[in-house]
Amino acid sequence: MTRIRAAVIGGGGNGEHDVSLASAAAVADALDPSRYDVVRLTVGRDGAWPGGLPAAVGILQGCDVALPIVHGPRGEDRAPAPHRHPGRHAGAPPRLERHVPQVVAGPEHHQ
């Protein structure tokens, strides 16, 4: 079985950087390693992507799915591009784990 290459993006240039890192780590750790090849990307406190934006784009182009777990005004509060996230459950870490498979699988699998 071919594993799904999933980018989990955390961090960001805002006051919720550390919270985003913790959330991204929880999401990445919740993905089944037999099904997902997890690529962790951390956006710096200054908003810089690892290796620069062109390098990050190259990494993301090699992924099947990207999970942006970036909080705050440059994250889920005001994302500049269409993205998938667990909606109202994003701020509920105890329930987040059960929603990660739905986010990765897509809306047709939501209950």
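**Why these labels?**

Mentor: Let's start at S23, which touches I69 and H71 once residues up to four places away in sequence are left out. This is a predicted model, where local features need pLDDT of at least 70 and side-chain atom pairs count only at pLDDT 80 or more, while totals for chains, interfaces and linings use all residues. Residues are numbered from 1 along each chain as its sequence is written, and side-chain values use heavy atoms, with hydrogens and water left out.

Trainee: What makes something a touch here?

Mentor: Contact means heavy atoms within 4.5 Å. A24 touches V8, I9, G10 and I69, again skipping residues up to four places away in sequence.

Trainee: Is S23 buried or exposed, and how do you know?

Mentor: Buried is under 20% relative accessible area, exposed is over 50%, and partly exposed is in between (1.4 Å probe, protein chains only). S23 has 15%, so it counts as buried.

Trainee: And why is L31 called buried?

Mentor: Because its relative accessibility is 5%, and the limit is under 20%. L31 is in the loop between α1 and β2.

Trainee: How do you know which strands pair?

Mentor: Two strands pair if DSSP finds at least two bridges between them. β1 (residues 4-11) and β3 have 4 bridges, in the parallel sense, so they pass that test. I9 stands opposite P68 in β3.

Trainee: What is the strand order in the sheet?

Mentor: The open sheet has 3 strands, ordered β2-β1-β3, with parallel pairing. β2 (36-43) and β3 (65-68) are the edge strands, each pairing on one side only. On average, neighbouring strands are turned by 20 degrees against each other, direction ignored. Axes are lines fitted to C-alpha atoms, for helices over the stretch in contact, and angles run from 0 to 180 degrees between N-to-C directions. α1 packs on the sheet, touching β1, β2 and β3, and its direction makes about 160 degrees with that of β1.

Trainee: Which residues make the largest nonpolar core?

Mentor: A nonpolar core is a set of buried Ala, Val, Leu, Ile, Met, Phe, Trp, Tyr and Cys residues joined through side-chain atoms within 4.5 Å. The largest has 9 residues: A6, V8, A24, V27, A28, L31, Y36, L67 and I69. α1 gives the most, with 3 residues.

Key. Helix = DSSP H or I, 4+ residues; strand = E, 2+ residues; numbered from the N terminus.
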